[in-house]
Amino acid sequence: MHRSTQGWFHVPRCRQARMPNFAGCRFVLIGWLLFLSPIAAQAAPGPTDVIRHFCGQLLDVMQHATALGARGRYQRLEPIVLASFDVPFMARLSIGPSWANLSSEQKRRVAQAYSRYMTAVYATRFDGYSGERFEFLGEQKIKRGVMVKTRIIKANGEPVSISFVLHDNDIAWQIRDVYLDSAISEVATRRSEFSAVLRTSGIDALIASLNKKADDLQI
C-alpha cells in the first residue's frame, strides 16, 4: 500500500495528471469570458447608442406632448437630460474663465440651474408630434471625443441636422455640446448669453435668471 501511494508521485504521472486539469480550467475560463462579454458590452453603450436612446425618449415625449403638458414634459425629460448630458462640463464651458473663481457651492448651484434651464428649453422646443422621425447618420472622431450626426425629418419632409458631441468622462459617454445645422453650438450660444449677466451682475444673478427662465418655460 505504501509503495502504491509513492507511485502516484512519480514525476511523469504527475505531469500527465495535471495537463487535463489545466485544460479544464482553460475551458472554464473561456466559458466565463463568453458569458460575461455580452454583459460588459451592455454596460458600456457607445456614443451612437447614447444618442439613439436620448432621441427615442425625446420622440416619446413629443408623441405624448399634449397629454403631458409643459410641466409633464419637463418632469419626463429632466432625468433623461441629467443622464445623457455632462451638465457640469457644459456649465463650465458656458461660464468661461470666471468658473475657476467660483466656490464649490456656486459651481453646484449654477450646474443645477443650467440643467433646469436646458431641460425646460427641450420641453418647450419639442412640444408636439406630427410624424417627425430621427435618422442617425454615423459617427466622426474629433479631438477629445466623437460627433454623432443625426437629423430630424419634419412632417413636411424637411430635414434639420443635429450633431451631438460626446466625450468619455470615465463614467459614460455623455453629450458635451449640440450643433444645430452643423454650425450653431449650444454651448457657444449659452456662453454669449451668460457673458453680459456675469459681467454686470455676477454669478448669483445668472443662477437666479436661469431658474426663473426654467420656471417660466414650464407654465
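Q: Quick one to start: is Asp170 buried or exposed?
A: Asp170 is exposed, with a relative accessible area of 78%. Bear in mind that this is a predicted model.

Q: Where is Asp170 found?
A: Asp170 is in the loop between strand S3 (159–168) and strand S4 (173–180).

Q: And what about the phi of Asp170?
A: The phi of Asp170 is positive, about 70°. Asp170 is not a glycine.

Q: Which loop holds Arg144?
A: Arg144 is in the loop between strand S1 (133–142) and strand S2 (145–153). Arg144 is not a glycine, yet it has a positive phi of about 60°.

Q: Is Arg144 buried or exposed?
A: Exposed. The relative accessibility of Arg144 is 62%, and the cut-off for exposed is over 50%.

Q: Let me zoom out. How many helices and strands does the chain have?
A: Eight helices and five strands.

Q: What pattern do they follow along the sequence?
A: The pattern is α-α-α-α-α-α-β-β-β-β-β-α-α.

Q: How much of the chain is buried?
A: Buried residues are 36% of the 219 residues in the chain.

Q: What share of the contacts joins residues 24 or more positions apart?
A: Such pairs account for 54% of the contacts in the chain with a separation of 6 or more.

Q: Now helix packing. What describes two packed helices?
A: The angle between their axes and the distance between the axes.

Q: OK, at what angle do H3 and H4 cross?
A: Roughly 170°. H3 covers residues 47–63 and H4 covers residues 65–84. Their axes come within 9 Å.

Q: So how are H3 and H4 oriented to each other?
A: H3 and H4 are roughly antiparallel. Angles over 145 degrees count that way.

Q: Which residues meet there?
A: From H3, Phe54, Gln57, Leu58, Asp60, Val61, Met62 and Gln63. From H4, Ala65, Leu68, Arg73, Arg76, Leu77, Ile80 and Ser84.

Q: How does the contact of H3 with H4 split by class?
A: Eight nonpolar, three polar and three charged residues.

Q: Next, H5 and H6. At what angle do they cross?
A: The axes of H5 and H6 (residues 104–125) cross at roughly 100° and come within 9 Å. H5 and H6 are therefore roughly perpendicular to each other.

Q: Which residues in H5 meet H6?
A: Val87, Pro88, Met90, Ala91, Ser94 and Ile95. On the H6 side are Val110, Ala111, Tyr114, Ser115 and Met118.

Q: How do H5 and H7 pack?
A: H5 (residues 87–95) and H7 (residues 186–200) pack at about 55°, with their axes 7 Å apart. That angle makes H5 oblique to H7. The crossing is right-handed.

Q: Who makes the contact between H5 and H7?
A: H5 brings Met90, Leu93, Ser94 and Ile95. H7 brings Glu186, Val187, Arg190, Arg191, Phe194 and Leu198.

Q: And the classes in the contact of H5 with H7?
A: Six nonpolar, one polar and three charged residues.

Q: What does Val197 touch?
A: Gly202, Ala205 and Leu206, leaving out residues up to four places away in sequence.

Q: How far apart are Val197 and Ser209?
A: They are twelve residues apart in sequence. In space, their C-alpha atoms are 8.9 Å apart.

Q: Is Ala113 buried or exposed?
A: Buried, at 0% relative accessibility.

Q: What is Ala113 in contact with?
A: Ile207, Leu210 and Asn211, leaving aside neighbours within four places in sequence.

Q: And how far is Ala113 from Ala208?
A: In sequence, Ala113 and Ala208 are 95 residues apart. From C-alpha to C-alpha, they are 8.0 Å apart in space.

Technical notes: Residues are numbered from 1 along each chain as its sequence is written. This is a predicted model: local features need pLDDT of at least 70, side-chain atom pairs count only at pLDDT 80 or more; totals for chains, interfaces and linings use all residues. Side-chain values use heavy atoms; hydrogens and water are left out. Helices (H or I, at least four residues) and strands (E, at least two) are DSSP runs, numbered from the N terminus. Buried means under 20% relative accessible area, exposed over 50%, partly exposed in between (1.4 Å probe, protein chains only). Contact means heavy atoms within 4.5 Å. Axes are lines fitted to C-alpha atoms, for helices over the stretch in contact, and angles run from 0 to 180 degrees between N-to-C directions. Angles under 35 degrees count as roughly parallel, over 145 as roughly antiparallel, 65 to 115 as roughly perpendicular and the rest as oblique. A crossing is left-handed if the near helix is turned anticlockwise from the far one by less than a right angle, and right-handed if clockwise. Ala, Val, Leu, Ile, Met, Phe, Trp, Tyr, Cys and Pro count as nonpolar, Asp, Glu, Lys and Arg as charged, and the others, Gly among them, as polar.
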